[in-house]
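I opened this notebook to record, entry by entry, what I looked up in one protein model. The coordinates come first, and my notes follow them.

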Amino acid sequence: MLIAQISDMHIKAHGKLAYGVVDTAVLLRACVTHIVGLATPPDLVLVTGDLVDYGRAEEYALLTELLAPLTMPMYVVAGNHDERTALRKAFDGPRFEYLSQATEFLQYAVDLGPLRLIVLDTVVPAEGRGQLCERRLAWLDERLAEDDRPTIIAMHHPPFATGIAHMDAVGLEGAEALEEILLKYRHVERVMCGHLHRSIQCRFGGTVASTCPSPAHQVALDLSSDGPDCFVMEPPGYQLHAWLGGRLVTHTCVVGSFEGPYRFR
C-alpha cells in the first residue's frame with residue numbers, strides 16, 4: 001500500500017497570491033501532476049489540513065478542481081485555515097461518504113485493508129492554535145480500543161514542540177493527554193500531521209509523529225528562541241508512505257525538474 005500525503009496547500013481564490021507572493025494554485029497543480037506521473041501510483045491520498053487559506057467556498061471550489069486528477073480515494077483533514085462547514089460542502093458525494101461519520105468535529109475512522117486510518121480534528125475556529133479536548137480524545141480512545149490493526153492517526157497540528165518558536169506558539173493544546181492515550185496502544189503506527197510546512201519527525205506516545213512539507217511555501221527553519229515569523233520558497237514537496245513488510249516507510253518527495261536520473265554504472 002502506498003499513501004501520498006499532501007499538506008498545507010493554502011489555496012486562494014482565482015488569481016490571488018498567498019501573502020502577496022505565493023501562487024499556491026500553480027504549485028498545487030505541479031504537485032498533482034508529479035503524483036499522477038509516479039511510476040507506482042499511490043493507493044490513496046491523505047490531505048492533512050490548511051487546504052485553503054480563508055475557508056471560503058470559492059477557494060474550496062478551485063481546490064477541488066486542482067485535485068480532480070487524483071482519482072484514487074482521498075481523505076481530508078481540517079486545518080486551522082479551513083472552515084468545517086465549507087469543507088464538508090466542497091467534499092460531498094459518495095467518494096467522501098466517510099465524512100458522514102463526523103458530527104461537531106471532522107473526525108472519522110476508515111478501513112484501509114491492512115491498515116486503519118483515524119482522523120482527528122484539532123481545529124479551534126478562527127485561531128491558529130490547535131486543541132484536542134476531552135470529547136475528541138475520548139472518541140479517539142474508543143476508536144483505538146475497538147480494532148487492533150496497525151493504525152495511522154492523521155491530524156493537522158503536530159503534538160510536539162518543533163523548536164520553531166512562532167509555530168510552537170500556535171501548537172497543540174492537549175498533547176500530553178493524547179500521549180497518555182497512545183501509550184496504551186501498541187498498534188499506532190504513525191501520527192501524521194501538517195501545519196509546519198516542513199518534514200519533521202519525533203518520537204511521541206510510543207510511536208513516531210511526523211509533519212509533511214507543503215507543495216507551496218515552507219516555514220523558515222530558524223531554531224532561535226525569538227525567530228521571526230517567516231516563510232521561504234524552498235523546493236515544494238509532499239510525502240509517500242509505503243506499507244512494506246509490516247512497517248511504514250516514508251519518503252519525502254521534492255516537486256520540480258532536476259537533472260538525471262543517471263546510472264551509477
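The entries below go from the whole chain to single residues.

**Ground rules.** I am working from a predicted model, in which local features need pLDDT of at least 70 and side-chain atom pairs count only at pLDDT 80 or more, whereas totals for chains, interfaces and linings use all residues. I number residues from 1 along each chain as its sequence is written, and side-chain values use heavy atoms, with hydrogens and water left out.

**Overall fold.** I counted six helices and 15 strands in the protein, taking helices (H or I, at least four residues) and strands (E, at least two) as DSSP runs numbered from the N terminus. The radius of gyration is 18 Å, close to the 18 Å that the globule rule gives for 265 residues, so the protein is as compact as a globular protein of that length; the radius is taken over C-alpha atoms, and the rule is 2.2 Å times the number of residues to the power 0.38. Along the principal axes, the C-alpha atoms fill a box of roughly 45 × 45 × 45 Å.

Among contacts with a separation of 6 or more, 67% join residues 24 or more positions apart, a contact being heavy atoms within 4.5 Å. I also noted 22 positive and 33 negative side chains, with the centres of the two sets 5 Å apart; Lys and Arg count as positive, Asp and Glu as negative, and His and the chain ends are not counted, each charge being placed at NZ of Lys, CZ of Arg, CG of Asp or CD of Glu.

**Backbone exceptions.** Most residues other than glycine have a negative phi, and most peptide bonds are trans. D8 sits in the loop between β1 (2-6) and α1 (24-36), and its relative accessible area is 0%, so it is buried. D50, also not a glycine, has a positive phi of about 50 degrees; it belongs to the loop between β2 (44-48) and α2 (57-67) and counts as buried at 2% relative accessibility. At the other end of my list, a cis peptide bond with omega of about 5 degrees joins G260 and P261, and P261 lies in the segment after β15 (247-254).

T122 is in the loop between β5 (116-119) and β6 (130-131) and is buried, since its relative accessibility is 0%. E173, in strand β8, is partly exposed at 44%, and its C-alpha atom is 8.8 Å from that of T122, 51 residues away along the chain. The side chain of E173 makes a polar contact of 2.9 Å with the side chain of R129. Beyond four places in sequence, E173 is in contact with R129, G130, Q131 and L132, and T122 touches residues including R129, G130, Q131 and L132.

**A169.** I placed A169 in the loop between α5 (165-168) and β8 (172-173), where it counts as exposed at 62% relative accessibility. A169 and R129 are 40 residues apart in sequence, with 7.5 Å between their C-alpha atoms.

**D147.** Is D147 buried or exposed? At 19% relative accessible area, D147 is buried. It is found in the loop between α4 (134-145) and β7 (151-154), its side chain makes a polar contact of 2.8 Å with the side chain of R149, and beyond four places in sequence D147 touches R116 and H187.

Key: Buried < 20%, exposed > 50% of the residue type's maximum accessible area, 1.4 Å probe, protein only. Polar contact = N/O pair within 3.5 Å; in protein donor to acceptor, adjacent residues only side chain to side chain.
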